[in-house]
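Thanks, everyone, for making the time.

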Amino acid sequence: MGASQIPGLINLAGGLPDPATWPVAELAALAENAVREHPAEALGYSPIDGLPALRDQIAARFATPELQLSRENVLITTGGMQALELLGKLFLEAGSTIAAQSPAYLGALDAWRPSHPRYHAMDLAAADCDPHRAMDGARFAYTVPNFSNPTGKLVGTAMRKTLIAAAEATGCWLVEDDPYGMLHYDGTPLPSMIGLYAKAHPGPYRGPVIYLGTVSKELAPGLRLGWVIAAPEVITAMTTAKQGGDLCTSGLCQRIVLDALSSGLTERIRPATLALYRARRDALCRAMSDHLGDLFDWEVPVGGMFVWATAKDPALDTDRLLRTGLDHGVCISPSSVFDPEGRNHNAIRLNFTLNPPEKLAEGIRRLAEATRSLLLENAA
């Protein structure tokens, strides 16, 4: 029985959007329209690189006067995960080196695991972080600058510029994975790295930044649709790699997303989504202050889906806390799964988007009980 199937279990581990945010009625109408009005596109094979109209829509969505994009800069993928897997197919050989923001997204680590890569870790919040050194000799650098999974941290503009400069100096491709950028609750969104590069190099885009996006957090994860924005030669190579995988992304999903974007549906539903998740973030952090303040250190994230908490007691093993937490009816993500070498055992990732405030509060109360129980066991 999986953790999510345990009766009464409160899941604080999963990075899941709440189904209440999915515009079900609107998507159903778009799906019906897609099948009735565009049956060949919706139900047939589509081009490997995606429907031309959708690629044009994505290019227009992210283009600026400096960042000039066309469909040749865009590849449609079957979810954001396929983009990560294609990066591995394109760039990695057995034992290749990746420079990766640390802690790193588990899904990315899984996507590249078949190549058994080595990792140069980049703690982008550390004062001594040296991206140039980490990228030297790496096949690509992987970052999630907006509200990183798992830490929820926002990478500042200065470090974004440092990463771009390091990519240019080393010839290393710089991957900007941005599934959470639209979930910005406080302050002003920061410029993307692909946009910052374009400001210094305006014109048709051919730069080193490879930008990844998805509709999983904007519309619904089951649509399984993402995109890559990159230099045309990268798009061409990734398209070739995609052909040997799924042949094409679902035409029905592409048509639904095209119509959702062109009709402004994503913009219309965003305020309600942000209000819901902001309230849940605040509820989780209040409960943590009430119950975990003497046990963990954390920062309140300004966006995204996660809070990263580090145990104050270095002897607290969060792999063991996961098992103890399940006994207390709460599930968390231990830090070891976000470390390529599995050595980090002193932190946890908590998700706040899935559960309502009262359930978040009860989950944190259970987590505090589990933590104190484990610490008593350690002291015995």
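This is a predicted model: local features need pLDDT of at least 70, side-chain atom pairs count only at pLDDT 80 or more; totals for chains, interfaces and linings use all residues.

**Starting from R270**

Leaving aside residues up to four places away in sequence, R270 touches R61, M182 and E218, where contact means heavy atoms within 4.5 Å. Residues are numbered from 1 along each chain as its sequence is written, and side-chain values use heavy atoms, with hydrogens and water left out.

R270 belongs to helix α11; helices (H or I, at least four residues) and strands (E, at least two) are DSSP runs, numbered from the N terminus. Helix α11 covers residues 265–291, which is 27 residues, and its first and last C-alpha atoms are 39 Å apart, close to the 39 Å expected at 1.5 Å a residue, the expected span being 1.5 Å times one less than the number of residues. Where is α11 kinked? The kink, of about 30 degrees, is centred on P271, the bend at a residue being the angle between axes fitted to the seven residues ending there and the seven starting there.

Turning to the sheet, seven strands form an open, mixed arrangement in the order β3-β10-β9-β7-β6-β4-β5, and two strands are taken to pair if DSSP finds at least two bridges between them. Strands β3 (74–77) and β5 (118–122) stand at the edges with a single partner strand each, so one side of each has no neighbour in the sheet. Neighbouring strands are turned by 20 degrees against each other on average, direction ignored. Within the sheet, β7 (residues 173–177) and β9 (residues 209–214) pair in the parallel sense over four bridges, and D177 stands opposite L212 in β9.

Two helices lie across these strands. Helix α7 (residues 157–170) lies across β5, β6 (140–143) and β7, and runs at about 150 degrees to β7; axes here are lines fitted to C-alpha atoms, for helices over the stretch in contact, and angles run from 0 to 180 degrees between N-to-C directions. Helix α9 (residues 232–243) lies across β3, β7, β9 and β10 (226–229), and runs at about 25 degrees to β3.

Some backbone details deserve a careful look. The peptide bond from S102 to P103 is cis, with omega near -5 degrees, and P103 sits in the loop between β4 (97–101) and α5 (106–112). In the loop between α5 and β5 we find H116, a residue other than glycine whose phi is positive, near 50 degrees. Is H116 buried or exposed? H116 is exposed, at a relative accessible area of 61%, on a scale where buried means under 20%, exposed over 50% and partly exposed in between (1.4 Å probe, protein chains only). L247, in the loop between α9 and α10 (251–262), also is not a glycine and has a positive phi of about 70 degrees, and L247 counts as partly exposed at 36% relative accessibility.

R255 is buried, with a relative accessible area of 11%, and its side chain is joined to that of E41 by a polar contact of 2.7 Å. Such a contact is a pair of N or O atoms within 3.5 Å; within protein, one must be able to donate a hydrogen and the other to accept it, and residues adjacent in sequence count only if both atoms are side-chain atoms. Beyond residues up to four places away in sequence, R255 touches A34, H38, E41 and L51.
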